[in-house]
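Reader: I am new to this structure and would like a close look at one single part of it. Please take me through the place where the ligands are held, in one connected answer.

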Amino acid sequence: MAQPIRHDWTRAEVAALFALPFNELLHRAHSVHREHHDPNAVQVSTLLSIKTGGCPEDCAYCPQAARYDTGVQAQKLMSVDAVVARAQAAKSAGASRFCMGAAWRSPKDRDVEKVAEIVRAVKGLGLETCATLGMLSGEQAQTLKQAGLDYYNHNLDTAPEFYGEIIHTRQYQDRLDTLDHVREAGLKTCCGGIVGMGETRDQRAGLLQTLASLPEHPQSVPINQLVQVEGTPLNGTQALDPFDFVRTIAVARILMPASMVRLSAGRQQMDDAVQALCFFAGANSIFYGEKLLTTGNPDVEHDRQLFARLDLHPLEVAEETDTVHADILETEAAGCGNGCGCSAAA
Ligand code: SAM
Ligand code: DTB
Ligand code: SF4
């Protein structure tokens, strides 16, 4: 029988999970995973950067911060028509949800009005919508909700006590306040963090314990591995042992059993075998498509092959999904007919 979902994990309990023998941890995580999810289904999402670069914040990992020379070309907010064209193309190809990112510290009310217009238009195509725009006021969250926004992504990024070493232009509490506004507006939350920024294992426990102590577990929990970008202060950080990344996924799965755990940024730098371990440990969502916001992601053909090799299939749209990418669906439709995403003929 499934254990009740808890919101009272202590930091010591979470640290003890991280310290379990690897096989023990994976066994526990996979058991929890099977109680709540189809272990062979992975939700696939696609991102679009609708406003790129030029951000005034100083997040030490981010290629879009204006103060770092990273070669990212700043681009102002895309027009409604341009976004709708991308959304329509995604829909025609079979997508059901469209995720839009903007490099803002916090949007101005007039920016939110413009994004609300975009959201209405995208929603009008019959697509689910997701946005990540920085800090929001309660009113701004409500405006987006009224426009038809379904999900809001806002990451806590790391443990409270490590946050000040990564970002100096806002406080941890600012993030928590926005998450309150998002939840109170009735939006679903997508909230996770980044590992591999030089944090300790105990600090990874701190991030996950904070996420699991929120009034509601985020419906979606993105676990990003730092993508090291030249020009950012974190470029050159000692790479994380891949098994510590897998442990982070496993502990997230145990703490937030019903949430979608997204194996998010960093897959391009990750072995297929490590990704397979992540899926076993409870990851059941990925970003699909050659680009995240400004950095690369595995190419589509590689991911198709990976799904086929691991007998994974994309989660059906109705089952709590993000954007289901059409190419995988098309492969599935054209494949063996078992819904496995393989390219074998029927
Ligand atoms: N500006 C908004 C904000 O910070 O909330 C929205 C866009 S921001 C790029 C969204 C998230 O991308 C960040 O919270 C961070 O978790 C993730 N991210 C940014 N740069 C990254 C990197 N180099 N590696 C991994 N994740 C990254
Ligand atoms: C999230 O947690 N990861 C995505 C999404 N939410 C918006 C962003 C990853 C960005 C990686 C760096 C880049 O491509 O600029
Ligand atoms: Fe700006 Fe978001 Fe990048 Fe921070 S993570 S610099 S807030 S775009």
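Author: Sorted by class, the shell around ligand 2 consists of six nonpolar residues, seven polar ones and no charged ones, where Ala, Val, Leu, Ile, Met, Phe, Trp, Tyr, Cys and Pro count as nonpolar, Asp, Glu, Lys and Arg as charged, and the others, Gly among them, as polar. The model is predicted, so that local features need pLDDT of at least 70 and side-chain atom pairs count only at pLDDT 80 or more, while totals for chains, interfaces and linings use all residues. Residues are numbered from 1 along each chain as its sequence is written, chains are lettered from A and ligands numbered from 1 in the order in which they are written, and side-chain values use heavy atoms, with hydrogens and water left out.

Around ligand 2 there are 13 residues, the closest being N155, N224, L293, T294 and T295; a residue belongs to such a shell if one of its heavy atoms lies within 4 Å of the molecule. T294 brings a polar side-chain atom to 2.7 Å from an oxygen atom of ligand 2, while nitrogen atoms of the ligand are approached by polar side-chain atoms of N153, at 3.3 Å, and of S264, at 3.4 Å. Ligand 2 taken alone exposes 410 Å², of which the protein buries 88%, with accessible areas coming from the Shrake-Rupley method with a 1.4 Å probe.

Ligand 2 sits in the largest cavity. A cavity is a set of points, on a 1 Å grid over the protein atoms alone, where a 1.4 Å probe fits but cannot get out, and its lining residues have an atom within 4 Å of a point; a molecule sits in it if more than half of its atoms lie within 2 Å of its grid points.

Backbone atoms of the protein make the contacts described here: a polar backbone atom of Y61 is 3.0 Å from a nitrogen atom of ligand 1, a backbone N or O atom of W104 is 3.1 Å from a nitrogen atom of the ligand, and a polar backbone atom of A102 is 3.4 Å from a nitrogen atom. Alone, ligand 1 exposes 560 Å², and the protein buries 90% of that.

The residues surrounding ligand 3 are C55, E57, C59, Y61, C62, A65, A103, W104 and R170, a shell of seven nonpolar, no polar and two charged residues. An unreviewed UniProt entry lists C55, C59 and C62 under "binding site", in the numbering used here, although such annotations may be inferred rather than shown by experiment. The lining of the largest cavity includes C55, C59 and C62. C55 itself is placed in the loop between β2 (47-51) and α3 (80-92), helices (H or I, at least four residues) and strands (E, at least two) being DSSP runs numbered from the N terminus.

The unreviewed entry in UniProt also places "binding site" at C99, C130, C190 and R262. These residues are spread over 164 residues of sequence but cluster in space, with a largest C-alpha distance of 14.5 Å, and C99, C130, C190 and R262 are included in the lining of the largest cavity. Among them, C190 lies in strand β6 (residues 188-190).

Technical notes. A polar contact is a pair of N or O atoms within 3.5 Å; within protein, one must be able to donate a hydrogen and the other to accept it, and residues adjacent in sequence count only if both atoms are side-chain atoms. On a 1 Å grid over the protein atoms alone, a cavity is a set of points where a 1.4 Å probe fits but cannot get out, and a pocket is an open set with protein on both sides within 12 Å along at least five of seven lines; lining residues have an atom within 4 Å of a point.
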